[in-house]
Amino acid sequence: MSLSSPHPANVDSAASEQALLERRARLLGPTYRAFYRSPIHLVRGSGVWLYDAQGRKYLDAYNNVASVGHCHPRVVEALSGQAATLNTHTRYLSEIILDYAERLLGTLPSHLGHAMFTCTGSEANDLAIRIAQHSTGNTGVIITDFAYHGATIATAQLSPAAVGAAGVPAQHRAVAAPDTFRDGGRAAHDFARNVAAAIEDMRAQNIRPAALLLDSAFSSDGIFFPEASVMREAADHVRKAGGIVIADEVQSGFGRLGQGMWGFANYGLAPDIVTMGKPIGDGHPMGAVIVRPQLVSSFGSNTGYFNTFGGNPVAAAVGIAVLDVIEGEGLIENARTVGAYTGELLDALQSRHGMVADVRHNGLYFGVELMAEDEAAAKTSSVVEAMREDGVLISSCGPRGNVLKIRPPLPFARDNAEQLAEALDRALSKW
């Protein structure tokens with residue numbers, strides 16, 4: 001065998017992966033897309049690590065779904081123990097769902113008094129929009145112009161990142177995200193003004209705002225952390241026009257930003273509704289809507305809400321275990337300290353690599369923006385692919401596709417941060 005020939009095991013592996021891809025395409029159809037040019041066949045996860053079918057491990061620097069780490073033993077034990085005891089729904093009495101509701105509500109401001117449970121963040125945002133429209137009598141929702149809020153009809157229509165600007169219905173308005181980088185951060189400074197202008201434009205069309213729906217980290221827009229005063233002013237504009245404020249915490253919640261449990265608190269906001277998904281269950285399908293009680297008094301009596309699997313005992317057991325781990329293992333403090341260290345390492349890369357235009361970070365959430373040239377998205381994709389080949393998993397985001405999205409599980413440690421930075425240094429050096 002020549003030195004250039006592939007190892008037989010690699011040939012077998014490649015053939016197996018190709019067969020798996022072909023089977024996937026045949027059975028799941030064309031709408032499912034896999035990460036990376038050579039998709040990874042994952043078979044196991046543990047902590048911040050993922051393992052493929054050949055036993056290679058990858059540092060997961062992207063996954064907020066497994067918020068407290070892949071297959072955390074305490075979460076697995078809670079899930080399996082409750083699944084072996086009872087799993088039903090909320091139309092029967094159950095102590096564990098009430099225990100969980102008390103624990104979860106205890107992490108939030110006291111004005112948020114009711115918890116409503118779903119299976120996904122998409123469902124949570126969908127329900128929040130229904131409540132906002134019912135309680136205000138209004139229809140319009142204001143979002144940012146490359147937001148992503150879910151996959152139901154209502155939430156997809158409020159997700160320009162998925163459906164494009166043309167897919168947003170006429171009663172809603174998309175405003176420029178508070179970009180803290182371009183034009184000296186002008187979009188960030190103008191964010192509240194843009195929200196006010198959107199409200200005026202609605203009024204001219206005889207539309208009234210039901211809600212301002214915000215992802216606290218502006219994750220799909222490119223990852224931004226604007227000034228708190230601007231965010232509060234935007235919220236004030238909506239409330240004065242008869243709308244409410246919905247904080248979408250699917251990506252920024254559960255301690256990720258390292259300054260407390262919830263991203264909206266960084267801005268001093270007092271949202272009327274908070275929505276949750278992904279990290280709430282460390283990989284178990286769960287979501288929640290936390291709401292001011294007065295908003296659902298009429299909704300509850302006139303419309304009601306029931307979700308067969310939302311709030312089931314297994315989900316409640318998992319949710320309690322996730323909160324136990326966050327508190328017991330000091331993961332919010334870890335997000336703060338390791339996040340700051342990781343940020344320093346990424347800032348240092350900016351000084352060494354001219355293609356790094358900006359580094360934005362808060363806790364364990366990082367956006368590394370690459371130069372917005374004509375081929376910026378392709379180069380960014382190449383960096384992501386190079387990182388994957390080097391054993392580190394990240395992704396990209398933003399309307400130009402040129403922001404590296406780095407969002408590791410909360411147990412991420414200093415040595416993990418160093419591995420991430422070293423791999424990114426090598427990937428950037430190729431360009």
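**Figure legends: overall view and close-ups of a predicted protein chain**

**Charges of the chain.** In this predicted model, the 35 positive and 44 negative charges of the protein chain have mean positions that lie 3 Å apart. Lys and Arg are counted as positive, Asp and Glu as negative, and His and the chain ends are not counted. Each charge is placed at NZ of Lys, CZ of Arg, CG of Asp or CD of Glu. Local features need pLDDT of at least 70 and side-chain atom pairs count only at pLDDT 80 or more, while totals for chains, interfaces and linings use all residues. Residues are numbered from 1 along each chain as its sequence is written, and side-chain values use heavy atoms, with hydrogens and water left out.

**Overall fold of the protein chain.** The protein chain contains 14 helices and 15 strands (DSSP runs numbered from the N terminus, with H or I and at least four residues for helices, E and at least two for strands). Its radius of gyration is 22 Å, close to the 22 Å that the globule rule gives for 431 residues, so the protein chain is as compact as a globular protein of that length. The radius is taken over C-alpha atoms, and the globule rule is 2.2 Å times the number of residues to the power 0.38. Along the principal axes, the C-alpha atoms fill a box of roughly 75 × 60 × 45 Å. Of the 431 residues, 53% count as buried (buried is under 20% relative accessible area, exposed over 50%, partly exposed in between, with a 1.4 Å probe and protein chains only). Among contacts between residues at least 6 apart in sequence, 73% join residues at least 24 apart; contact means heavy atoms within 4.5 Å.

**Aromatic cluster of Phe35, Tyr36 and Tyr62.** These three residues form one aromatic cluster. Rings of Phe, Tyr and Trp (its six-membered ring) pair if their centres lie within 6.5 Å; planes under 30 degrees apart count as stacked, over 60 as edge-to-face and the rest as tilted. The count by this rule is five aromatic pairs. One of them, Phe35 with Tyr62, is edge-to-face, with 5.6 Å centre to centre and 90 degrees between the planes. This pair links distant parts of the chain, 27 residues apart: Phe35 is in the loop between helix H1 (8-28) and strand E1 (42-46), and Tyr62 in the loop between strand E3 (57-60) and helix H2 (73-83). Tyr62 is buried, at a relative accessible area of 19%.

**Surroundings of Arg56.** Arg56 sits in the loop between strand E2 (49-52) and E3. Arg56 is partly exposed, with a relative accessible area of 32%. Leaving aside neighbours within four places in sequence, the contacts of Arg56 are Leu50, Tyr51, Arg388, Glu389, Asp390 and Gly391.

Phe218 is in the loop between strand E7 (209-215) and helix H9 (228-240), and Ile223 is found in the loop between E7 and H9. Neither is a glycine, yet phi is positive, about 50 degrees for Phe218 and about 70 degrees for Ile223. Phe218 is buried, with a relative accessible area of 1%, and Ile223 is buried, with 0%.

**Contacts of His111.** The loop between helix H3 (95-105) and strand E4 (114-118) holds His111. Not counting residues up to four places away in sequence, His111 touches Ala270, Pro271, Arg292 and Pro293. His111 and Pro271 are 160 residues apart in sequence, and their C-alpha atoms are 9.2 Å apart in space.
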